[in-house]
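Visitor: Please take me through this model, one point at a time.

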Amino acid sequence: MGGRIPCVCIFLMVCVSSYGSIINAPGVFELLKQGLTEYSISGKQPSYLPYTLMSYPLQNILRHQQDLEATNNTEICILCEILVNALILERRNGMTDVELGAEALYFCNLLQIENDRVCKGGIDITLGIFTYMVDNNEKLTGERVCGLLLHNMNCRGGSLFEWSVDIPEGNTVSRVKASGTKTFNILHISDIHIDPYYTPGKTNNCKEPLCCQFDQDDGANEAESCGYWGDYTDADTPIQTLNAAMDKIVAHNFDFVYYTGDIVSHRMWSTSVENNTRDIIQISNIFHDRFDVPVYAALGNHEAHPFNVYTTPDETDPTLSTQWLFDLTASKWGDWLSEEAKAMILKGGFYTVSPKNGFKVIVLNSNVCYTGNWWLIYEDKDPYGQLEWLVEVLVAAEEKEEKVHILMHVPTGSSECLRVWSREYNRIIERFANTIVGHFNGHTHRDEVLVYYNSSDITQAINVAWNGASITTYSLGNPSYKLLEIDAETFDVWDFEEWTMDLETANLDAKNPPAWYKLYSFREAYNVDSLDPSEIDLLLQRMTKDHSLIDQYYTFKFRNSTYPNTNPCDETCQKKILCDITTAVPTHTDQCERFSRLYDENK
Ligand SMILES: *[C@@H]1O[C@H](CO)[C@@H](O)[C@H](O)[C@H]1NC(C)=O
Ligand SMILES: *[C@@H]1O[C@H](CO)[C@@H](O)[C@H](O)[C@H]1NC(C)=O
Ligand SMILES: *[C@@H]1O[C@H](CO)[C@@H](O)[C@H](O)[C@H]1NC(C)=O
Ligand SMILES: *[C@@H]1O[C@H](CO)[C@@H](O)[C@H](O)[C@H]1NC(C)=O
Ligand SMILES: [Zn+2]
Ligand SMILES: [Zn+2]
């Protein structure tokens with residue numbers, strides 16, 4: 001998760017603090033617009049600008065996603081464009097990296113976006129990308145930059161991200177219903193976010209993007225102190241917790257492992273190629289030592305340095321290139337893969353393997369759809385030719401009547417995934433819906449389901465994606481993993497078990513490992529005949545009538561942590577859950593409307 005926006009906006013200065021904010025105060029917007037325009041022309045800040053900036057609730061909106069309803073997106077897009085255009089102009093007029101960095105730091109501190117060291121760290125590691133993009137792309141405009149950074153606000157620049165993939169017609173294979181007569185298991189784990197700097201006893205109220213760090217304050221009292229096994233606030237996974245999880249995990253039987261990304265912690269203000277490499281090697285070694293079966297792993301947004309940024313290869317400065325990560329993972333994951341798959345990783349971090357006859361696993365690098373990947377400003381058209389490749393692989397699978405599972409880190413559907421990528425991916429899914437029998441995602445740290453529907457018949461569910469939730473608690477959830485039961489004939493997901501442990505109980509006892517328990521099995525908990533898309537659609541319809549099923553889903557989402565029990569899901573929250581489950585492309589709202597209507601009819 002988490003690629004909250006700060007690092008990008010620290011640099012671009014589009015985040016501003018809410019101190020003294022009066023939402024929609026009349027005149028503030030006009031004054032701000034005037035001040036910024038003056039600033040962008042003269043290079044000098046009018047005296048009223050700092051105060052005016054502080055009066056506008058941009059930080060709440062951009063960093064915490066609060067006040068979204070109360071704000072006018074058009075205004076925010078306009079301010080963003082003026083600011084970014086001013087920066088671009090300054091650079092083009094000869095401002096050096098050092099000067100730009102100092103200016104960014106000034107604003108970051110003025111507006112208290114983060115504390116000084118997080119501001120400095122964030123600017124240090126992101127400045128080079130911004131200047132590279134400005135220096136090497138004459139067409140770069142504020143419109144395009146804000147179109148990406150504020151993708152969820154639908155700024156006009158969003159429409160500049162537009163392309164499509166060629167998909168051959170057809171669909172000759174049929175889908176046979178699974179019988180569950182013969183099954184095998186796959187382990188699905190996700191989002192470990194190993195934290196080598198996790199220190200019990202430090203404060204969990206740290207006001208930085210990641211708490212419980214060795215170089216932060218001690219906890220003021222017990223409730224504010226990080227526990228031995230982890231913490232529900234913004235804290236990642238201590239090694240002892242991962243080791244204890246592994247002890248539990250290896251006691252299960254499974255034929256192979258799916259890992260859906262995010263190895264590196266949320267200490268995003270101080271990542272480096274060296275330190276990310278160290279953590280990726282450590283996890284790869286743990287996988288090699290503890291599993292005697294292959295691991296098929298996808299890359300997460302946190303593996304990159306700076307976090308989120310996957311650059312495309314052409315003409316890229318080697319200091320900005322993501323190639324080190326592809327080289328590293330091709331070598332560390334290579335034992336489990338064919339030479340061909342390794343060669344594909346080197347090209348863009350995606351590959352395919354065939355672990356059983358008639359069955360293919362496709363591992364994608366969906367970090368290139370993540371809007372936090374601001375390299376997309378520079379180049380967004382099907383990065384690495386990945387979707388084009390996906391179509392080729394699916395055509396080949398269809399011809400051989402193979403069944404396919406797709407793994408990726410960032411799921412489609414939310415506004416965090418570039419709309420055009422979501423849309424094109426969805427077109428591919430629809431075309432190959434009878435070949436693809438399962439999708440496995442990560443990134444959200446939530447145990448959740450995403451249903452793909454037929455765009456020409458909105459009552460027809462065609463595919464389902466399962467999220468691996470997370471080993472990390474970041475934030476508010478208990479650590480968990482999934483044991484998938486797969487039909488050996490059709491490769492459909494026949495059932496799965498969600499395993500978890502109660503962090504609060506575990507932290508009472510540092511000496512004994514946490515007690516992991518089976519939280520639920522899907523078939524049993526939801527009383528379904530199968531996990532087919534059509535059955536899941538029926539379940540969703542039942543949920544609109546029996547809201548206790550949504551409550552159960554909500555509890556499971558956080559793996560029965562204290563959060564859902566102390567923060568019940570009201571009507572708005574329940575409808576949002578139904579919409580999240582059924583929205584695979586942000587602009588396709590028909591399912592959200594359909595289920596909201598059913599919910600209202602049954603009130
Ligand atoms: C949003 O702001 C723009 C620019 O100030 C204005 O034209 C528009 O009417 C506003 N929309 C709403 C709904 O207030
Ligand atoms: C990398 O790790 C070393 C050793 O723990 C630490 O001193 C250094 O600050 C880290 N580098 C960065 C860029 O954070
Ligand atoms: C979607 O619906 C159309 C129209 O009913 C149908 O022709 C097509 O086969 C369906 N697609 C899938 C993947 O089921
Ligand atoms: C959820 O956790 C509580 C303790 O916090 C426990 O009593 C309960 O049995 C758990 N629920 C399930 C379904 O295991
Ligand atoms: Zn994550
Ligand atoms: Zn992630």
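Guide: Contact means heavy atoms within 4.5 Å. The model is predicted: local features need pLDDT of at least 70, side-chain atom pairs count only at pLDDT 80 or more, and totals for chains, interfaces and linings use all residues. Residues are numbered from 1 along each chain as its sequence is written, chains are lettered from A and ligands numbered from 1 in the order written, and side-chain values use heavy atoms, without hydrogens and water.

Visitor: Which residues does F556 contact, leaving aside its neighbours within four places in sequence?
Guide: F556 lies in helix 18, residues 547-557 (helices are DSSP runs of H or I, at least four residues; strands are E runs, at least two; both are numbered from the N terminus). F556 is buried, with a relative accessible area of 8% (buried is under 20%, exposed over 50%, partly exposed in between; 1.4 Å probe, protein chains only). Beyond those neighbours, its contacts are D447, L519, Y520, A525 and Y526.

Visitor: How far apart in space are F556 and Y197, C-alpha to C-alpha?
Guide: In sequence, 359 residues separate F556 and Y197. In space, their C-alpha distance is 29 Å.

Visitor: What share of the 603 residues counts as buried?
Guide: The protein exposes about 22800 Å², with 49% supplied by carbon and sulfur atoms (Shrake-Rupley areas, 1.4 Å probe; for residues, only the protein chains shown count as cover). Of the 603 residues, the buried share is 61%.

Visitor: Which helices do the buried residues of helix 11 pack against?
Guide: Helix 11 spans residues 323-332, and its buried residues are W324, L325, F326, L328, T329 and A330. They pack against helix 10 (273-290) and helix 12 (339-348).

Visitor: How much of the area of ligand 3 does the protein bury?
Guide: Around ligand 3 stand E430, A433, N454, S456, Q460 and I462 (each has a heavy atom within 4 Å). A polar side-chain atom of N454 lies 2.3 Å from a ligand 3 oxygen (a polar contact is a pair of N or O atoms within 3.5 Å; within protein, one must be able to donate a hydrogen and the other to accept it, and residues adjacent in sequence count only if both atoms are side-chain atoms). A polar side-chain atom of Q460 lies 3.4 Å from an oxygen of ligand 3. Taken alone, ligand 3 exposes 370 Å², and the protein buries 52%.

Visitor: Which backbone nitrogen does the side chain of T203 reach?
Guide: T203 sits in the loop between strand 1 (183-189) and helix 9 (239-249). T203 counts as buried, at 7% relative accessibility. At 2.9 Å, its side chain reaches the backbone nitrogen of N205.

Visitor: What is the phi of H193?
Guide: Most residues other than glycine have a negative phi. H193 lies in the loop between strand 1 and helix 9, and H193 is buried at 0%. H193 is not a glycine, yet its phi is positive, about 45°.

Visitor: What omega goes with the cis bond from Y474 to S475?
Guide: S475 is in the loop between strand 9 (457-467) and strand 10 (480-487). The peptide bond from Y474 to S475 is cis, and its omega is near -15°.
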